[in-house]
Amino acid sequence: MKHKDMNFDYKKYLAERKLYEAAMACPTATQNLELNTKNRDAAIKADYIKYGPLNVDEPGDYWKDIAEYWNTTEEAAKKSLCGNCVAFDISPRMDECMPGKTSDEDGRLGYCWMHHFKCHSARSCRTWAKGGPITKDSISYDWQERNSDKV
Ligand code: SF4
């Protein structure tokens with residue numbers, strides 16, 4: 001096939017396109033349970049993250065502790081959840097990356113672009129930041145581009 005631009009390097013174009021498509025594939029942790037579990041466990045343990053509470057119905061001191069850390073009230077802390085975090089991705093393209101059921105009676109799973117695992121909307125962590133969730137594919141791909149060395 002001839003391209004109207006005779007200098008067009010078709011091989012290079014295809015190679016770049018393949019690289020781009022690979023880079024924009026589902027984040028590895030959505031497809032690899034072992035990696036997802038490793039990243040989630042690391043997010044639970046790290047002092048600067050402390051993802052939780054493990055059991056949303058029995059949170060123990062989780063909300064009290066995170067409220068102290070944020071210097072706010074427990075009520076305010078309980079409103080700062082993965083579900084409304086800037087890094088929580090529930091865009092249509094990410095939904096397609098999620099294997100199996102994504103919701104339960106407490107909320108739903110989404111992909112966390114900060115810590116690279118499937119987190120739950122009813123939980124939170126110390127690095128929560130307002131501005132989410134991510135519901136548009138374009139924003140999801142933008143996060144992926146900026147995290148291309150980690151997915
Ligand atoms: S989505 Fe936000 S609050 Fe939830 S684990 Fe990721 S960074 Fe923390």
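## Basis

Residue numbers start from 1 along each chain as its sequence is written. Because the model is predicted, local features need pLDDT of at least 70 and side-chain atom pairs count only at pLDDT 80 or more, while totals for chains, interfaces and linings use all residues.

## Overall fold

The protein chain has seven helices and four strands, taken as DSSP runs numbered from the N terminus (helices H or I, at least four residues; strands E, at least two). Their order along the sequence is α-α-α-α-α-β-α-β-β-β-α. Of its 151 residues, 28% are buried, meaning that 20 or more other C-beta atoms, placed from the backbone, lie within 10 Å of the residue's own.

## Hairpin

E3 and E4 run antiparallel and are joined by four bridges; strands pair if DSSP finds at least two bridges between them. Four residues separate the two strands, and His116 in this turn has a positive phi of about 60°. Leu109 stands opposite His120 in E4.

Phe117 and Cys119 point one way from E4, Lys118 and His120 the other way, and all are buried.

The ligand is surrounded by 13 residues, the closest being Cys82, Cys85, Cys112, Met114 and Cys125; a residue counts if its C-beta atom, placed from the backbone, lies within 6 Å.

How values were computed
Buried ≥ 20, exposed ≤ 12 C-beta atoms within 10 Å, placed from the backbone.
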